[in-house]
Amino acid sequence: MSADPSTFRFVSTNRRVREDRRFVAGHGRFVADIALEGMLHVAVLPSQHPAAKIVSIDASAALAMPGVHYVLTGDELAGATDQLMNGLDTPHVRRFPLAVGQTRYAGEWIAAVVADTRALAEDATEKLRVVYEPRPFVLKAEEALKPESAPVHPDHGSNVLLNKLFVWGEVDKHFAESPRQLSFRVTWGRNSTVPIETFGVAASWNPWSEVLDVWASIQMPKYADQIARALRIPANNVRVHQDVDVGGSYGVKRGIKQSVLVAHLARRLGRPVRFIEDRLENMRSGDAHGPDRIFDVDVAFNDDGIVKSMKIRALDNAGAYAGRAPFQLGKPIGAIVGPYKIESVQYRAQSVTTNKAMQEAVRGFGQAPTNYAIETAIDKVAAATGLHRMEVRRRNFIRKEEFPYLIPSGSTYDSGDYHTVVDKVFKHIDFASMEKERDRLRASGMLAGIGIAACLEPSGGNSSFEPLLNEKNTTTTWMDSCRINVDGLGFVSVTIHTTSSGQGHETLVGTVIGEVLQIDPDMIRIVRPDTLASLPSNSPVGSRMAIMLGGAAFHAAQKLKAKLIKIAAHQFGCTEDNVTFASGAASDPAGKSLNWAELVNIAHRNYHLLPQDMEPGLETTHVMQVPTGNKLPENGRVQMYPCHSFEFHVVLVTIDPEIGKPEIKRYVIGHDCGTVINPHIVKGMTLGGIAHGLGAALMEEFVYDDQGHLITQSFMDYLLPSAHEIPKVEIVHHCTPSPHTVFGQKGSGESGYLGSPAAISSAINDAVAPLGISFNKLPIRVSAIGDAIAEAQQAKLQE
Amino acid sequence: MKVELKVNGVTRSAEVEPRNTLLDTLRDKFLLNGTHAGCEHGVCGACTVLIDGEPVRSCLMFAAQADGYEITTIEGLSPAPGELSVIQDAFCETHGLQCGYCTPGMILSAHALLQHNESPSREEIVEAISGNICRCTGYGQIVEAIQFAAERLQGSNVPRSKPAQHKQSEVEHDAPEEGILEAAEADAPTEAV
């Protein structure tokens with residue numbers, strides 16, 4: 001089903017984002033704003049060792065402090081709860097909210113103290129006495145891969161969580177036939193999206209109704225189910241309040257361990273309990289680090305720059321526990337050739353445990369690092385063949401007329417027009433003059449470079465990577481839902497069934513339903529019931545909500561419209577296809593009409609006027625299946641996400657050779673996410689994504705020292721881009737509608753972020769190329785640039 | 001100990017511990033939840049409030065230190081319940097936010113800027129909000145919101161404080177003018193004295 005864009009009244013118009021009003025007034029409702037009667041507070045004790053046996057914990061001094069209620073250890077918690085879920089089939093990689101018997105990374109939570117205030121709880125953690133017996137540890141992924149490395153989970157047998165080889169197409173033949181080959185390594189440093197609000201959760205157990213109420217800063221599919229499983233209680237005993245505003249997430253707000261910890265304490269103590277991570281807890285041990293990945297890439301190509309085949313080995317450092325992190329090697333399989341016609345690919349996905357903090361889902365779910373590897377390959381092919389970087393991309397791009405396009409790993413790209421987007425961007429910036437500007441800057445003594453990156457944003461999030469990487473998993477649906485109710489006075493209320501962390505879901509749903517029913521979106525009330533009153537939903541992951549929640553809202557509204565038309569046809573005595581529905585009213589060719597209020601009145605009060613067998617009232621629901629994602633994998637191939645947005649970045653960077661500091665002179669992005677439902681929201685996602693990518697490319701990294709301690713654990717040393725660092729970004733729009741969605745929309749929740757690290761790296765490397773150096777690891781810090789330049793200049797002097 | 005704080009024009013008293021920050025006191029004692037904790041070490045700016053009109057990080061100030069000053073929180077900017085100030089409305093117009101967590105601090109910093117600078121340049125806006133970290137927007141629509149608010153304020157008769165009241169030069173030298181500041185660079189020892 002697809003709507004006609006020329007008739008849009010609300011979709012694609014510059015309407016305000018309805019959520020904004022409460023936030024600008026300071027009236028958001030975040031988890032730290034939830035204050036419950038008699039609430040107690042939690043602080044946690046961090047491990048001082050990356051690996052150690054916990055010999056004993058003495059809590060007597062802490063418990064003797066007035067106002068301290070309880071000290072919880074891992075042993076007690078492990079006895080009372082089931083281990084947290086793993087994505088892969090790795091049952092012996094056990095994870096509990098607190099370390100059990102052994103600590104596996106520095107900062108891991110050893111014990112939790114519950115007290116009248118958070119300050120008191122923190123004071124009491126200092127009175128805990130823990131005896132440790134240090135053990136060998138491993139920090140680097142390549143070390144962890146070795147059989148002799150110290151196992152993080154001895155019961156698992158090794159540090160290898162995943163080691164899977166995929167061969168899609170005739171890779172060996174293509175490599176043998178290709179006249180040119182090159183190989184390289186790039187490394188994506190461990191960083192994360194680091195929201196300004198840390199994770200927090202409050203829970204309260206009612207022993208009379210046997211309901212656990214949970215308020216959390218959460219963005220996670222199946223959250224209530226996971227709490228129930230861990231606590232060994234029925235899932236309908238868990239009520240998650242989804243009307244809590246989430247202060248940023250971008251994937252990482254998956255605080256299951258925090259939630260199980262707090263839920264257990266609330267039940268154990270019979271009092272409401274709240275835990276709000278402080279910044280250190282969040283950075284060091286909040287289970288919120290992102291991919292930490294080495295790529296070894298081989299490329300087979302010819303003198304014309306046509307890339308025939310690729311071999312990618314991705315080795316990811318998952319940290320101390322498994323969780324869902326290894327799946328971040330799976331999602332990029334859905335766009336493993338980027339926007340290019342590469343005929344065959346070999347992909348080895350490896351994930352290992354180490355004694356670093358645990359990894360979680362980060363914006364793009366592994367796609368941004370993979371795009372960085374692919375785009376580096378294309379730049380290197382250009383350098384090897386002497387062709388222009390853009391020419392190589394143009395030659396390898398899938399052409400508009402080739403869609404739908406099946407890539408070797410089993411996904412069919414829905415649509416795109418990459419050449420046109422590039423042409424529009426080049427025209428906008430006058431690329432030749434940008435190259436002249438770069439050369440002029442170089443002549444003036446600066447280092448200057450242009451970065452280019454093209455990539456896809458697979459969107460509409462299903463979870464096909466689960467069965468692809470874990471054969472015991474048979475997931476083929478990843479639904480989302482919407483319910484519309486028109487009350488007896490004709491006002492429309494809509495329920496959506498997930499939390500939101502700034503994506504504007506209320507605006508999305510209001511716009512879509514307003515469009516279908518032809519009523520003012522601002523008159524529609526959108527609410528988020530708690531999980532006990534919700535329909536099945538999978539939360540805003542995988543760049544999916546425009547497609548999936550927008551789709552569910554569209555179909556629910558269509559059902560409602562169909563009901564109104566049926567009621568009208570019954571009154572008019574005509575067939576339904578003779579009824580015209582416009583601006584909330586129905587009419588027939590004879591001139592009879594019923595306005596909105598009259599239709600509502602019939603549905604709510606005049607059962608005698610309803611068609612036979614029609615239910616009274618005006619209520620419809622729709623639970624939407626992900627378009628295209630209906631099959632389990634076959635032979636290591638699967639359709640990953642249904643829609644594929646395209647982005648094309650061009651960046652001009654200068655570097656002061658004396659200090660190595662890069663400065664972005666111009667940043668232009670061409671963006672095609674199909675039909676835009678709200679332009680403000682899509683623009684914000686794109687600009688924010690580029691900022692995240694700039695952080696990943698130049699500034700942000702969780703660095704561990706040789707002793708296994710995180711040394712960038714505050715905002716003084718884990719550097720977030722401020723308004724000074726983020727340039728003004730120019731966006732060039734294009735619209736290639738998706739055939740799979742109701743308005744032709746595609747995803748944009750990860751836009752900008754998926755290509756900006758690659759583009760910025762490309763620019764830096766172009767700038768330093770005249771010195772004969774390059775950077776193959778992100779982030780590319782000022783210090784690294786300055787040192788490399790100095791070394792290169794020194795070497796030149798000595799020649 | 002007892003503190004008396006003048007918050008949003010109203011004097012309120014609270015029993016606090018000497019170690020309680022202004023941030024925690026505003027939230028826990030006065031239920032002014034619009035002021036947010038972000039890093040609690042003075043970097044992110046989510047806890048920004050105005051002290052005598054100047055942006056201050058309430059996580060780095062004890063409640064006791066705020067005694068005697070005029071404190072303005074985000075709740076003090078709305079002219080009336082349900083009504084937005086020009087700056088708040090401008091943030092809605094350009095969608096200068098997403099999750100809304102950094103927004104109160106960002107708007108207070110913008111408010112302080114526009115109180116003493118009627119037509120700030122892009123650079124001056126960037127400087128004014130450079131102590132407020134936003135992870136959602138990449139700042140583009142925030143800068144647009146402040147530019148838009150400045151334009152609208154120029155056409156309004158809302159009274160503002162005089163430029164002379166603001167010690168502009170001191171503020172300007174607090175931060176680097178542009179580019180990326182590396183920790184190592186920031187920490188570099190200055191010449192021995």
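**A first look around**

Student: Where is the place of E54(B)?
Tutor: E54(B) sits in strand 4 of chain B, the strand made of residues 54-57. Please keep in mind as we go that this is a predicted model.

Student: And is E54(B) buried or exposed, or partly exposed?
Tutor: There are 18 other C-beta atoms within 10 Å of E54(B), and since a residue needs 20 or more to be buried and 12 or fewer to be exposed, E54(B) is partly exposed.

Student: How far apart are E54(B) and Y101(B) in space?
Tutor: From C-alpha to C-alpha they are 20 Å apart, while in sequence 47 residues separate E54(B) from Y101(B).

Student: Switching topic, how many residues has the largest nonpolar core?
Tutor: That core has 293 residues, and V42(A), L98(A) and V113(A) are those with the most contacts inside it. Helix 16 of chain A, residues 545-572, gives the most to this core, contributing 15 residues.

Student: What is V42(A) in contact with?
Tutor: Leaving aside neighbours within four places in sequence, the contacts of V42(A) include A112(A), V113(A), V114(A), V262(A) and F275(A).

Student: Back to helix 16 of chain A, at what angle do helix 16 and helix 17 pack?
Tutor: Helix 16 and helix 17 (residues 596-605) of chain A pack at about 90 degrees with their axes 10 Å apart, and they are therefore roughly perpendicular to each other.

Student: Which residues meet there?
Tutor: L564(A), I567(A) and A568(A) of helix 16 meet L599(A), I602(A) and A603(A) of helix 17, and the residues of this contact divide into 6 nonpolar, no polar and no charged.

Key: Residues are numbered from 1 along each chain as its sequence is written. Chains are lettered from A and ligands numbered from 1 in the order in which they are written. This is a predicted model: local features need pLDDT of at least 70, side-chain atom pairs count only at pLDDT 80 or more; totals for chains, interfaces and linings use all residues. A nonpolar core is a set of buried Ala, Val, Leu, Ile, Met, Phe, Trp, Tyr and Cys residues joined through C-beta atoms within 7 Å. Helices (H or I, at least four residues) and strands (E, at least two) are DSSP runs, numbered from the N terminus. Two residues are in contact if their C-beta atoms, placed from the backbone, lie within 7 Å. Axes are lines fitted to C-alpha atoms, for helices over the stretch in contact, and angles run from 0 to 180 degrees between N-to-C directions. Angles under 35 degrees count as roughly parallel, over 145 as roughly antiparallel, 65 to 115 as roughly perpendicular and the rest as oblique. Ala, Val, Leu, Ile, Met, Phe, Trp, Tyr, Cys and Pro count as nonpolar, Asp, Glu, Lys and Arg as charged, and the others, Gly among them, as polar.
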